Amino acid sequence: MQKDLGYVRVAAAVPRMQVADTQFNTNEIIDLIHRAAEEQVEVVCFPELCVTGYTCADLFFQRQLQENALQAMERICQETKGLPLIVLAGAPLKVDNNLYNCAFIMTDGDVVGVVPKVNLPNTGEFYEKRWFTPGRQTTQKTVELWSGDVPFGPDLLFVTRRYMFGVELCEDLWSPLPPSTQLAIQGAELIFNLSSSNCVTGKHAFRRQMILQQSARVHCGYVYTSSSVGESTTDVVFSGSTYIAENGDLLAEGERFLRESHMTISEIDVDRLRTDRQRNTNFTDDHQGDYRKVYVAPLDYEEDELPMHRTFYPSPFIPVDEDAQRECFEDVLQIQTSGLAKRWEHTRAQAMIIGISGGLDSTLALLVTCLTADRLGYNRKQVIGVTMPGFGTSDRTYQNAIRLMEQLGISIQEISIRDAVMGHFEDINHDPDNHDITYENAQARERTQILMDLANKYNGLVVGTGDLSELALGWATYNGDQMSMYGVNAGVPKTLVRAVVTYCASNVFHGEVQNILLDIVATPVSPELLPTDDNGQIAQKTEDKVGPYELHDFFIYYFLRYGFTRDKIRFMAEQAFKNRFDEGDIAKWLEVFMRRFFAQQYKRSCMPDGPKVTHVSLSPRGDWRMPSDARPF
């Protein structure tokens with residue numbers, strides 16, 4: 001784990017427990033605290049009323065149980081002496097003859113604060129108001145404990161050197177205005193919920209959904225832990241649920257109904273949370289009330305940190321869950337076709353002109369254009385596909401381009417660029433045996449000229465095929481394939497292009513089209529501007545030159561979406577691709593990405609219109625406004 005990169009290791013702990021047996025419960029809690037320290041956890045959160053058990057009912061009125069609970073908390077606090085972590089544990093506490101359901105926050109042998117529960121449930125099986133007083137009713141600002149006066153109240157924010165956190169308890173999350181909302185607005189980046197939520201059918205999924213939504217709504221890390229199966233089963237059963245969420249994403253979820261003590265551990269990325277809060281300029285508009293800051297200085301762990309618990313998905317533009325993937329791919333197609341449909345109708349164009357190479361990008365653009373024609377009720381013959389063989393066109397891509405256009409029922413034109421380019425080489429006195437950048441770009445610009453002229457001839461629009469990854473890397477010929485009249489793929493990164501075409505092959509198109517699409521997906525990515533090899537196969541492979549697109553899309557996402565540093569992106573990539581790329585290759589291609597991204601902004605500054613599809617866009621009119629002469633950092 002890399003603390004200097006913004007990660008905070010947290011744990012949601014569920015101790016084995018016995019109702020009203022504070023000594024037994026304390027032993028289990030202490031054991032988990034030491035296990036958390038061995039795992040170098042920075043904050044460990046235990047359930048609500050964990051030293052007594054949540055289901056003590058009228059036993060909470062018993063003075064002996066109240067005293068036993070306070071003695072248990074003192075013992076737990078003493079056990080934290082010399083340990084480099086913060087402990088949150090729940091216990092009843094009498095203040096001014098009122099009993100409160102409280103969270104104790106402890107570190108290095110001290111109680112740094114006590115937070116009472118604000119919202120008390122009033123259902124039949126959990127009528128907490130019978131025993132406890134709502135935290136909002138207290139006028140006390142401190143409470144006297146064994147260690148002296150300690151800050152007390154629901155208005156506490158805990159500030160460490162690297163992060164700020166707040167605390168709410170169980171029912172607080174279920175209220176119309178959870179305390180965590182205002183805690184986050186006031187600055188808390190992590191929220192810890194000490195809970196005792198029983199289990200009934202359907203509640204587990206609903207509770208998880210609430211936690212994810214709250215973490216997304218207030219851009220926070222949310223750590224939730226609930227009482228174990230050791231609670232009384234007189235009327236209900238508890239499952240020991242644990243969740244660790246970050247800004248709407250579930251980082252970790254523990255197994256339920258375990259009969260032994262257990263912990264769920266993960267790392268929350270505070271940098272990510274701060275980035276989203278910084279961009280959400282409305283975030284602090286609802287700032288209400290005055291909250292007190294409690295400064296906490298836990299001890300530090302030694303440098304020999306353990307490996308990360310959280311995982312890094314290598315394809316951030318593609319959801320992990322299959323159902324979410326299907327929804328994502330459908331959204332991509334709907335956004336692209338809706339954008340193109342509006343432009344088609346608005347301009348009253350008679351045709352859509354699109355260059356078809358037999359590669360991934362032009363294939364997706366063609367599929368989108370055909371689907372748009374279908375949506376508008378237009379004849380697919382109004383889509384004019386143009387294949388323009390050049391010096392590097394392979395038989396495989398040429399045949400796929402022709403077959404795909406035939407199967408989709410569009411108008412087809414084939415215009416070789418060889419003679420025109422050779423004539424141009426003669427005009428500019430360029431040796432055609434010199435396969436330099438002039439040799440390549442002359443072909444790209446000739447193809448663009450043909451498409452633009454055909455658009456004039458048929459009163460049409462040129463549909464751009466270049467994708468977001470190519471725009472980020474500047475892998476496009478200026479005033480060549482960089483230019484079009486509407487770039488339907490401009491918001492789609494290469495990895496997502498491949499995934500959507502694969503999805504179309506399986507779910508949108510059928511028969512021979514499906515077979516063609518799958519072969520296109522399997523074809524190496526290439527601009528085909530250099531001659532083929534002796535066997536007529538593609539010799540120029542883009543990823544050999546600029547690097548693997550799966551790496552670049554990873555870099556693009558975290559550089560543009562969250563503004564992460566080069567060191568952090570490299571660290572994350574090393575975790576995500578540790579079984580596929582070595583650290584040297586990752587560092588090399590990250591350097592290529594940074595160099596090309598900064599050097600090629602001028603191409604993006606005049607890019608055509610095109611729809612934003614994911615959270616990342618490079619439109620100079622929208623999400624990304626950058627000087628063309630900035631230096632890499």
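I began with histidine 552 and left aside its neighbours within four places in sequence; the residue is in contact with Leu473, Val546, Gly547, Trp589, Val592 and Phe593. I take contact to be heavy atoms within 4.5 Å. The model is a predicted one, where local features need pLDDT of at least 70, side-chain atom pairs count only at pLDDT 80 or more, and totals for chains, interfaces and linings use all residues. Residues are numbered from 1 along each chain as its sequence is written, and side-chain values use heavy atoms, with hydrogens and water left out.

I placed histidine 552 in helix α16, residues 549–561. Helices here are DSSP runs of H or I with at least four residues, strands are runs of E with at least two, and both are numbered from the N terminus. Histidine 552 counts as buried because its relative accessibility is 0%. For this I used the cut-offs of under 20% relative accessible area for buried, over 50% for exposed, and partly exposed in between, with a 1.4 Å probe and protein chains only.

I then looked up how α16 packs on helix α18 (residues 583–599): the angle is about 60° and the axes are 10 Å apart. The angle makes α16 oblique to α18. The contact is made by Leu551, His552, Phe555, Ile556, Phe559 and Leu560 of α16, with Ile586, Trp589, Leu590, Val592, Phe593, Met594, Phe597 and Phe598 on the α18 side. I sorted these residues into 13 nonpolar, one polar and no charged. Nonpolar covers Ala, Val, Leu, Ile, Met, Phe, Trp, Tyr, Cys and Pro, charged covers Asp, Glu, Lys and Arg, and the others, Gly among them, are polar. The crossing of α16 and α18 is right-handed.

My conventions for these pairs follow. Axes are lines fitted to C-alpha atoms, for helices over the stretch in contact, and angles run from 0 to 180 degrees between N-to-C directions. Angles under 35 degrees are roughly parallel, over 145 roughly antiparallel, 65 to 115 roughly perpendicular, and the rest oblique. A crossing is left-handed if the near helix is turned anticlockwise from the far one by less than a right angle, and right-handed if clockwise.

**Entry: α8 with two partners**

I looked up α8 (residues 360–376) against helix α13 (residues 494–507), and found a packing angle of about 55° with the axes 10 Å apart. That makes α8 oblique to α13. The crossing of α8 and α13 is left-handed. From α8, Leu360, Asp361, Thr363, Leu364 and Leu367 meet Lys494, Val497, Arg498, Val500, Val501 and Cys504 of α13. I count seven nonpolar, one polar and three charged residues in the contact of α8 with α13.

On the α8 side I listed Thr363, Leu366, Leu367 and Cys370, and on the α9 side Leu404, Met405 and Leu408. The contact of α8 with α9 has six nonpolar residues, one polar and no charged.

I found serine 180 in helix α4, residues 179–185. Serine 180 counts as buried because its relative accessibility is 0%. Not counting residues up to four places away in sequence, serine 180 touches Glu168, Ile191, Gln214 and Tyr222. I also took the C-alpha to C-alpha separation of serine 180 and leucine 404, which is 54 Å at 224 residues apart in sequence.

Valine 41 sits in the loop between α1 (22–38) and β2 (43–45). I put valine 41 down as buried, at 0% relative accessibility. Its contacts, neighbours within four places in sequence left aside, are Arg9, Val10, Ala11, Ala36, Pro84, Leu85, Ile265 and Tyr301.

**Entry: positive phi**

Most residues other than glycine have a negative phi. I noted alanine 57, not a glycine, with a positive phi of about 55°. Alanine 57 is in the loop between β2 and α2 (63–79), and counts as partly exposed at 31% relative accessibility. Asparagine 459 likewise has a positive phi of about 55°. I located asparagine 459 in the loop between α11 (437–457) and β19 (460–464); the residue is partly exposed, with a relative accessible area of 46%.
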